[in-house]
Amino acid sequence: MVAVNRVFAAQLAGLPVFGPDGEAIGKVRDLVVGLRVDRQPPRVLGLVLELATRRRIFVPMLRVTSIEPNAVTLATGSVNLRQFHQRANEVLVVGELLDARVRTASGAAAVLVDAAMEPSRTRDWRMTRVAVRERTGRLARRGPVQVLHWEEIGGLSVTELAGQPQGAQHLVAVFETMRAADVANALHGLPLKRRYEVAEALDDERLADIIEELPEEDQKDLLAHLDEERAADVLEAMNPDDAADLLAELPEIDKDRLLGLMEPAESAPVRRLLEYSFDTAGGLMTPEPVVLAPDATVAEALAHVRNPDLTPALASMVFVCRPPTATPTGRYLGCVHIQRLLREPPSDLVAGVLDTDLTTLSPAASLGEVTRYFAAYNLVCAPVVDESDHLLGAVSVDDVLDHLLPDNWRETGLPHA
């Protein structure tokens, strides 16, 4: 028996999904409805779930036994793992209906901010209510939200949705609490028109984080959709190694034009990375690891690795070099592992706890050599040093995995156990 009578889509998105024995299955990412040619409430066909492997699957509503404020329960823990593919007559509520322009029964223009489904006597779920806010003008104060019956609005046929320009404010709000990788997966599943609208609504930093997690073809497509100034701004906000990987896939004329539009300080490390083949340590590395001078204290080192913008892999190691400490640095002296930092007095100098025995990688080291290096030393981060003992950057294990996995791994996820 279903625990609630009315469920709003925006509240449902992101809820964990469990089987009857409490086993975790995934998270709700969207609802699928079949729109009708008349104005009658459409039937909710099912949920789009995202598994731990990031694969998106479809679960029919008849399989749902309970919808609570904090979780969804299915009738069985066994689900069809076939990748979800949207059919021509289906619409994603969160992905396509939110922010749609509609008309109320009085003829007023409004924006759809949420939609609610209710169970019927036949155990079907119907999308019976919509929450809308009237559009009174670009500069006017935003009006109150009204909850109306589905029949009281117009503008939600499949053809009307496909043809109208659509904002993305409320969909972006739904994405706000999701990890960049999860948003990228959701974005990949949206129609192209909606994907562009969301990209235009995101700020540069957030869009950069999401683009880094998209499949290569999606990355190039989104970058091409943005105007060149915005594309350059987004590239500046990306990690230099990810920006270099993306630019390397573009025609030479487009790559040079975008590099020219970037700020020189932002484009310089990207240009250096582009000098190396993508499957070498130089092409894999990031030029922005944690680098300190030998007179830095353990306390300073720990403060640097607490930076939330660092990946766990890059935060696992501090590199110590003679000035300058920006890559390419002065003479490389050694590294300090975070476990060692945690065991030392905060006032001690990092120069006194250096690991000087760890072998470094050459920028020309092949992907196979880099992989064997990580396996041999059980590391998640490694220094890349040139023949003159200058630190050029660091390779992290996630960069290696990106290149070892199949090209389409972001789309298909990992095999399900």
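Start by selecting helix 11 (residues 252-261) and helix 12 (residues 264-274), which pack at an angle of about 150 degrees with their axes 9 Å apart. Axes here are lines fitted to C-alpha atoms, for helices over the stretch in contact, and angles run from 0 to 180 degrees between N-to-C directions. Helices (H or I, at least four residues) and strands (E, at least two) are DSSP runs, numbered from the N terminus.

Before going on, please note that this is a predicted model, in which local features need pLDDT of at least 70 and side-chain atom pairs count only at pLDDT 80 or more, while totals for chains, interfaces and linings use all residues. Residues are numbered from 1 along each chain as its sequence is written, and side-chain values use heavy atoms, with hydrogens and water left out.

Back to the pair on screen. Helix 11 and helix 12 are therefore roughly antiparallel to each other (angles over 145 degrees count as roughly antiparallel, 65 to 115 as roughly perpendicular, under 35 as roughly parallel and the rest as oblique). Now show the side chains where they touch: Lys255, Leu259 and Gly260 in helix 11 meet Ser267, Val270, Arg271 and Leu274 in helix 12, contact meaning heavy atoms within 4.5 Å. These residues divide into 3 nonpolar, 2 polar and 2 charged. Ala, Val, Leu, Ile, Met, Phe, Trp, Tyr, Cys and Pro count as nonpolar, Asp, Glu, Lys and Arg as charged, and the others, Gly among them, as polar.

Next, select helix 7 (residues 204-211) and helix 9 (residues 228-237), whose axes are 8 Å apart at an angle of about 70 degrees. Helix 7 and helix 9 are therefore roughly perpendicular to each other. Look for Asp204, Glu205, Leu207, Ala208 and Ile211 of helix 7 against Arg230, Asp233, Val234 and Ala237 of helix 9.

Move on to strand 4 (residues 43-50). Of its 8 residues, 7 are buried, so strand 4 is largely enclosed by the rest of the structure; buried means under 20% relative accessible area, exposed over 50%, partly exposed in between (1.4 Å probe, protein chains only). Then click Gly46: its bridge partners include Val32 and, in strand 5, Pro60. Strand 4 and strand 5 form a hairpin with 5 residues between them, and Arg54 in the turn has a positive phi of about 75 degrees.

Finish at helix 5 (residues 180-188), where 8 of the 9 residues are buried, so helix 5 is largely enclosed by the rest of the structure.

Note on methods: Two strands pair if DSSP finds at least two bridges between them.
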